[in-house]
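Hello,

Here is the structure I said I would hand over. My notes on it follow below.

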Amino acid sequence: MNIVTLLPFIVLIGAMFLMTRSAKNKQRQAQQMRNDMHPGTGVRTIGGMYATVKEVHDDTVLLEVAPGVHAIYAKNAVGAVLDDAEYNRIVHGIDPDEDADETPVVPDDASSLTEAADAGDGDSSADKADAADEADEADEADEKAGKTDVKKIDLGKDEAAAASTSEDEKRDGGTDAK
């Protein structure tokens with residue numbers, strides 16, 4: 001036999017060997033990951049649900065899917081065992097990389113935000129407060145007097161159109177019949 005005729009079969013058998021070998025490695029890694037589970041570990045199921053391991057048995061695992069809610073799953077249903085930092089980031093929104101010093105502090109009032117602007121202006125903060133009080137008083141006076149800039153919109157039917165349709169048209173299948 002000629003080596004050229006056997007070459008395609010040899011390549012095919014080699015490719016099948018390599019594919020089965022990589023699949024076995026993935027299965028072995030998944031089995032090792034599932035065997036590394038212990039109570040308190042965060043996991044993600046193959047369905048995408050995040051839970052905490054409570055008990056590990058031979059073929060099953062007891063997961064806490066919500067506080068006080070437990071469910072029994074097959075070990076094969078666990079898609080990934082997560083480390084604590086990743087589990088807390090996903091489930092609780094806690095980011096361990098975020099430092100407390102870098103988080104912006106929101107003040108209770110706006111006075112601390114306007115102090116720098118007041119220092120550069122010639123106006124004092126008392127003058128600005130008086131001007132704001134006067135504007136508020138003018139708005140209140142307009143509301144009491146009934147002066148508003150908001151136009152009222154009539155969402156009802158036009159009276160002329162309502163008067164033109166008679167009761168007989170409605171009973172006989174007119175346009176307004178329901």
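**Strand pairing and two residues**

Strand 1 and strand 5 (residues 78-82) run antiparallel and are joined by four bridges. Helices (H or I, at least four residues) and strands (E, at least two) are DSSP runs, numbered from the N terminus; two strands pair if DSSP finds at least two bridges between them. In this pairing, G42 has L82 of strand 5 as its bridge partner.

This is a predicted model, in which local features need pLDDT of at least 70, side-chain atom pairs count only at pLDDT 80 or more, and totals for chains, interfaces and linings use all residues. Residues are numbered from 1 along each chain as its sequence is written, and side-chain values use heavy atoms, with hydrogens and water left out.

Strand 1 (residues 42-45) also pairs with strand 2 (residues 50-56), again in the antiparallel sense, over three bridges. Here V43 stands opposite A51. Four residues lie between the strands of this hairpin, and G48 takes a positive phi near 95° there.

T52 belongs to strand 2. It counts as buried, because its relative accessibility is 16% (buried is under 20% relative accessible area, exposed over 50%, partly exposed in between; 1.4 Å probe, protein chains only). Leaving aside residues up to four places away in sequence, T52 touches G40, T41, L62, L63, E64 and Y87 (contact means heavy atoms within 4.5 Å).

E86 sits in helix 2 (residues 84-92) and is partly exposed, because its relative accessible area is 30%. E86 and G42 are 44 residues apart along the chain, with 8.7 Å between their C-alpha atoms.

Regards
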